[in-house]
Amino acid sequence: LLGAAAGRGHAAAALDSMPQDAAVLNVTARHNAFYDQMFTRFAPAPHTTGGSLARGLDPPHPNWVDVQLDAPSLAPRLGEYGHRLGTASSPVCHWGFYLRPGAMGFYADVLRRPHVWSAHRLRTLAAPQETGTPAMAQRWGLTRA
């Protein structure tokens, strides 16, 4: 899911009906925050049930992985796997999920080699670095971490 316009309630219900070995990668980014807020405020309920997927799935599910594309630690970690993730072209851009240099190559690799990109590896890749800052604050850019 790239900047998914859906509510957590719908996602949780969909997970319950998926095969046990199916996995979902939910890619979020701060540069999409304006659009996520518009969705949350103006999409009719039941689409927004449980809040927007922009903040990830809560409670966590073993087959679901949230990755923030513009997390400070993500680009260096992707570089360790041969993916060079460039910087976003604009601080506000829904198309950044598609146009950010290196992003499509990363997504393609995840789809082509699911045995390499396990949910555990993706979670480790997406985990905030230890800074003493609460994970959600770091995730949403409320720190300089």
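## Exposure of Tyr35

Buried means under 20% relative accessible area, exposed means over 50%, and partly exposed lies in between. In this predicted model, Tyr35 has a relative accessible area of 35%. Tyr35 is therefore partly exposed. The residue sits in helix α2, which covers residues 33–42.

## Nonpolar surface patch

Tyr35 belongs to a nonpolar patch on the surface.

## Chain architecture

The protein chain has 7 helices and 2 strands. From the N terminus on, the order of elements is α-β-α-β-α-α-α-α-α. Helix α2, with Tyr35, spans residues 33–42. Strand β2 spans 64–68.

## Burial, surface and contacts

The protein chain has 145 residues, and 39% of them count as buried. Its accessible surface comes to about 8,400 Å². Carbon and sulfur atoms account for 60% of that surface.

Contacts were also sorted by sequence separation. Of those in the protein chain between residues at least 6 apart in sequence, 73% join residues at least 24 apart.

## A cis peptide bond

Most peptide bonds are trans. The bond from Asp58 to Pro59 is cis, with omega near 5°. Where does Pro59 lie? Pro59 is in the loop between α2 and β2.

Definitions and conventions: Residues numbered from 1 in each chain as written. Predicted model: local features only at pLDDT ≥ 70, side-chain atom pairs only at ≥ 80, totals over all residues. Heavy atoms only, no water. Patch = residues over 30% accessible without salt bridge, like charges linked within 9 Å, V, L, I, M, F, W, Y side chains within 5 Å. Areas by Shrake-Rupley, 256 points an atom, 1.4 Å probe, with all protein chains shown as cover. Salt bridge = Lys/Arg side-chain N within 4 Å of Asp/Glu carboxyl O. Helix = DSSP H or I, 4+ residues; strand = E, 2+ residues; numbered from the N terminus. Buried < 20%, exposed > 50% of the residue type's maximum accessible area, 1.4 Å probe, protein only. Contact = heavy atoms within 4.5 Å.
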